[in-house]
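Here are my notes after going through the model. Have the sequence and the 3D view open while you read.

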Amino acid sequence: MNVRGALASSGVLSALSGWSHAETPMSYLHTYGPAGDPITQLGWGLGIVSIAVIVVIAVLLLGGLFHRRSGRVSGGSELAVPREGGGMAWLYAGVGISTVVLIACMGWTLATSAAISRPPTTPALTVQVTASQWWWSLRYTSPDASRTFITANEIHIPVGQPVRFELASLDVIHSFWVPALGGKMDVIPGQTNVTWLQADKPGVYRGQCAVFCGAEHARMALEVIADTPREFRAWQDDQLREPTPSASTTVLQGQRVFQARCAACHSIRGSDAAGILGPDLSHLMSRRTLAAGVLANTPGNLAGWIADPQALKPGAQMPDHLVSGPDLAAVVGYLNTLQ
Amino acid sequence: MPMRIVPAGLMTMSLMLCACSHSEGGSASGPPTTGLPSAGEMSAVPMGHVAGLTDSAALARSMPNPYGDDAQAVAAGKALYVKMNCAGCHAYDAKGNMGPDLTDSYWRYGGLPAQIYRSIHDGRAQGMPAWGAALPPREIWKLVAYIESLGGAYSVDGTPRNPQRAELVAPEVQAPSPAAASSP
Amino acid sequence: MRNFARMQSPRKSGLSLAGALLLGLLECGHPSQAADGPAAAATPPVPANNLSGATINFAPNDPAGEWRSQARDYANSRYSPLDQINSGNVAQLRVAWTFSDGTLHGHEAAPLVIGDTMYLVTPFPDMAYALDLTKPGASIKWTFKPNPSPLAIGKACCDAVTRGIAYADGKLIYNLLDDHTVAVDTKTGKEVWRIKMDNVETGATMTMAPLIVGNKVFVGNSGGEMGVQGWIAALDVGTGKELWRAYSTGSDKRVLIGADFKPFYRWMKGEDLGVSSWPAGMWKHGGASVWGWISYDPQTNLIFYGTSNPSPRVPVQRPGYNLWASTIFARDADTGMARWAYQTTPHDEWDYDAVNEDILMDLPIKGRVRKVLVHFDRNAYAYTIDRTTGEVLVAAPFAYLNWSTGFDMTTGRPIVNKDKEPKPGVKIDNLCPPDIGGKDWQPAAASPRSGLVYAGIFNLCMDLTDHEVGYIASTPYDGMEMQRQAAPGGNLGEFMAWNPATGKKMWAIKERFMTMSGALATAGDVVFYGTADGWFRAVDARSGKILWSQKLGSGVIGQPISYLGPDHRQYIAIYSGIGGVATMRVDKSMSGFPAPGGTLYVFSIHGDSVGAQSAEPAAVDDAAAPPANANQGKP
């Protein structure tokens with residue numbers, strides 16, 4: 001396995017898979033942490049073993065097909081099929097090698113299962129993920145109750161540390177999958193499944209719901225962003241911070257519109273908006289995407305989303321609010337202050 | 001023999017595909033796509049005096065719930081009933097607590113679909129909050145569909161949806177008849 | 001406050017003895033006062049049949065025949081020193097007169113009697129009446145109609161009630177449901193001042209009875225089910241100007257916690273715990289309203305009160321201790337600064353408010369007289385707490401409970417039963433007691449004669465399913481779906497006598513329906529209480545034997561009082577009018593459950609009253625029609 005690990009980390013395999021991680025974020029052929037690496041290595045290893053087996057058998061088969069008979073005759077009678085001694089040797093060799101290889105592969109598979117079932121060290125961080133149609137609600141827990149907070153769709157984790165995920169669903173079966181970091185774990189209503197991930201390299205890792213869960217299943221993405229420990233702490237502190245009140249009349253108007261039209265479903269820490277039906281928006285501008293990975297987080301996209309969510313994600317739980325022009329501009333202006 | 005297998009197989013596959021096209025997750029939020037007024041039309045509930053005998057009142061009385069008995073709308077309304085904290089005042093079984101019983105046939109402010117819509121949209125004097133800002137018309141109609149499904153409401157022609165209940169309510173307490181309302 | 005017990009100088013002993021005898025004679029009709037501090041050499045002798053050794057300070061020592069505040073005194077004793085009506089003659093109680101107040105919501109208050117006038121407040125629309133007790137039938141002197149906003153009706157979790165009025169300085173002061181405190185001139189019935197204290201649009205209401213001490217009136221809000229910000233405030237009696245306000249959640253500055261704050265137990269020590277014991281920002285909708293009773297200790301100038309449950313009522317949404325919800329506070333009456341706090345149910349998961357009354361008494365515990373408060377909590381533990389420090393001296397269950405497996409005296413906390421911790425979507429069967437507790441706001445009464453505390457309690461459980469909820473302003477921030485039913489035994493209510501020194505129930509009367517009325521204890525060794533189905537009973541304070549019962553027009557959830565009329569006759573007054581949380585589905589489905597009502601009943605021996613004589617022979621002429629102010633000559 002050391003050889004294969006070396007192969008994986010040397011980039012040969014990614015070269016073999018042909019594209020960089022940034023270009024194919026959903027590729028699972030190259031992983032970046034101990035929750036996924038053993039699987040990738042096993043995958044490549046079994047792949048190589050399978051190819052080798054195919055090659056060996058093909059060679060033997062072809063050899064057998066095109067083997068010239070020597071045509072020797074012994075003792076007057078000519079046998080149609082020469083009886084050659086030592087055929088059992090082939091059998092013993094073949095079965096023996098196959099058995100050894102298969103047992104080795106089985107052992108490797110079991111070892112891989114064991115390796116990914118538990119994180120190498122006890123996770124210091126637990127994130128409660130609640131999936132609903134079609135977005136991800138996140139609650140960051142902490143032994144200190146006041147450092148518990150809620151956010152959505154964009155998970156930040158510290159690099160090099162395992163993170164525990166407790167998965168719950170509010171409606172149907174979803175599946176939590178970040179291919180570059182680990183395997184899939186179904187999110188099943190009525191129970192809490194637990195999984196873990198660890199990213200060994202800072203970066204953005206895209207995830208996706210991996211079980212068909214309704215009309216917008218294809219637009220239920222998430223991002224896991226691995227930060228250095230200091231960046232992660234700063235992000236946490238930032239999320240806990242309440243937004244500073246603004247003096248601008250447009251922003252205050254936007255806050256009023258938000259409170260009247262949006263607060264029943266959305267929350268902004270520090271304000272009277274504390275709805276739990278839609279994503280928390282306390283620091284919306286710190287996120288890279290909107291609507292669970294569907295849109296890049298730009299003011300234009302934000303305005304378009306609020307104006308007509310059904311056009312961008314038909315069937316989404318967020319209804320068309322028929323917001324007027326001035327109200328829309330005011331709300332977008334307000335949301336833009338939520339850094 | 002092999003030639004006949006192919007069309008049979010294609011038919012079977014296409015039948016299976018048709019069956020699969022029903023959304024597996026039960027998308028409870030999508031409105032029925034046919035026969036529904038536009039969002040703008042759905043908000044055109046007359047906002048005049050519902051209690052009086054003006055033309056707009058007659059119009060209000062005659063306006064049915066655009067969702068009718070649609071099961072998905074009722075289910076969506078039931079989910080909204082819990083999510084919007086209606087259950088907090090009217091109880092999880094809608095039999096009332098801080099707020100009145102929504103399953104019986106007594107309606108302080110009228111039990112016709114548009115009257116129930118107005119109560120939700122405008123709020124009412126004894127503490128019913130106004131939802132017109134937070135909930136767009138479609139969502140309010142889904143709530144009305146759920147409330148109507150509880151059996152105490154009235155149809156637009158003034159008849160109770162649940163005839164058994166009507167016997168227990170004095171005639172003058174029921175929704176006024178369309179004949180009285182339609183006088184110009 | 002009397003210091004007659006200091007007899008230290010031998011030279012003055014003769015004079016002191018004479019003085020003590022004289023004072024003792026004067027004390028005849030009045031119960032003894034609590035001695036000043038544990039060092040007092042000779043506490044007034046506690047009667048031998050005082051089972052707990054409790055003594056009570058009855059400050060402000062109102063006239064014996066009057067009832068000037070809801071709880072009768074600062075200590076919240078609800079004890080009347082009158083003994084014309086006693087265990088020997090209480091069976092002769094009859095209705096003297098009644099008064100219908102025109103409202104039908106739950107009647108939870110008690111009337112006040114000051115001089116020759118009785119003052120009443122009704123539930124919504126919160127009208128006040130003054131009745132002239134010198135007139136036969138107690139006619140109305142004036143009516144005050146404040147016209148509060150009906151919006152408040154739909155925000156009040158537990159019926160549009162009020163729990164009473166306060167009196168000072170020629171003014172009646174009480175709270176309107178729509179978050180105004182109002183002062184009414186007692187002579188004219190005209191409004192003197194009205195102050196807006198909170199916003200009914202956010203779901204806050206006010207239902208509690210204010211407490212007046214000196215020139216301050218203390219008031220608090222309701223709304224623990226609505227995600228409000230709970231608070232207690234002191235207003236100036238003369239003008240209504242707000243003197244201080246202490247919130248129940250938030251920074252130490254908001255909660256008025258400063259250098260003097262010395263909580264006894266560890267989990268309440270720290271900075272800004274009203275913020276840090278909640279997830280980020282959740283203290284802002286933390287509930288912890290102040291809708292119950294306030295008591296006052298004049299020796300230390302501290303007020304005592306409790307806060308409601310934390311919001312939302314779904315605990316998984318708010319990990320942490322959730323301070324300062326479900327907490328008993330001791331605060332300086334002048335500044336509002338907290339002296340100590342004790343959280344009865346940390347991280348309350350079942351809506352066990354700490355708002356029930358704190359009865360102040362001096363109690364010998366383990367050989368030493370302690371200054372305590374006695375508190376029957378919603379969580380079904382009866383607490384005897386040192387009111388100078390907040391240390392729990394006794395904590396014993398008084399009602400059936402299974403949410404906790406016991407009380408740990410070293411940590412000062414109940415031990416939680418993990419099986420009864422709610423998780424959203426999962427139904428828990430038979431969680432006891434239910435949200436309304438082993439006892440709710442209905443106040444207990446204490447007798448300095450028997451040393452016991454008398455209370456109407458519940459015998460209930462609930463089936464509970466939690467649902468996660470969002471905060472939507474002006475809607476409930478609640479999430480508890482529940483069904484309440486009887487606990488083992490099948491009776492919904494019970495009236496009991498409790499020994500606060502030992503934590504033992506001395507006797508109990510099981511009632512089929514809930515016992516949600518206040519209790520009244522009297523010097524005649526009779527205690528009074530009422531049931532939800534409308535029975536008003538008189539019970540022997542020592543044996544628990546029911547001596548008299550009267551069925552009233554509606555259920556009884558009010559507070560009985562006793563007073564002397566202008567004819568020097570002792571009367572017992574109680575409201576009937578079912579409502580509040582006594583109208584649960586399980587009650588309503590049982591036969592015998594009453595209809596709503598709104599009538600005050602006044603009882604006397606033989607039903608005699610001013611200007612009206614009973615048919616039964618009395619010791620005076622009965623030939624002529626009695627004059628209006630006839631003194632019927634009863635001793």
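**Notes on the model**

1. Start with a helix pair: helix 7 and helix 9 of chain A lie oblique to each other. Oblique is what remains once angles under 35 degrees (roughly parallel), over 145 (roughly antiparallel) and 65 to 115 (roughly perpendicular) are taken out. Helices here are DSSP runs of H or I with at least four residues, strands are runs of E with at least two, and both are numbered from the N terminus. The axes of helix 7 (residues 299–307) and helix 9 (residues 325–335) of chain A come within 10 Å and cross at roughly 130 degrees. Axes are lines fitted to C-alpha atoms, for helices over the stretch in contact, with angles from 0 to 180 degrees between N-to-C directions.

2. A word on ground rules. This is a predicted model, where local features need pLDDT of at least 70, side-chain atom pairs count only at pLDDT 80 or more, and totals for chains, interfaces and linings use all residues. Residues are numbered from 1 along each chain as its sequence is written, while chains are lettered from A and ligands numbered from 1 in the order in which they are written.

3. Back to those helices: what makes the contact between helix 7 and helix 9 of chain A? Helix 7 of chain A brings Pro299(A), Leu302(A), Ala303(A), Ile306(A) and Ala307(A), and helix 9 of chain A brings Leu328(A), Val331(A), Val332(A) and Leu335(A). Contact means C-beta atoms, placed from the backbone, within 7 Å. By class, that is nine nonpolar, no polar and no charged residues.

4. Chain A also has an open sheet of five strands, ordered 3-2-1-5-8, with mixed pairing. Strands pair if DSSP finds at least two bridges between them. Strand 3 (149–152) and strand 8 (193–197) of chain A are at the edges with a single partner strand each, so one side of each has no neighbour in the sheet. The twist averages 25 degrees from one strand to the next.

5. Within chain A, strand 1 (residues 125–132) and strand 5 (residues 163–169) pair in the parallel sense over seven bridges. Val129(A) has Leu167(A) of strand 5 as its bridge partner.

6. Over in chain C, strand 23 (residues 404–408) and strand 24 (residues 413–416) run antiparallel, joined by four bridges. Gly406(C) stands opposite Ile415(C) of strand 24. The hairpin of these two strands has four residues between them, and Gly412(C) takes a positive phi near 75 degrees there.

Key:
Two residues are in contact if their C-beta atoms, placed from the backbone, lie within 7 Å. Ala, Val, Leu, Ile, Met, Phe, Trp, Tyr, Cys and Pro count as nonpolar, Asp, Glu, Lys and Arg as charged, and the others, Gly among them, as polar.
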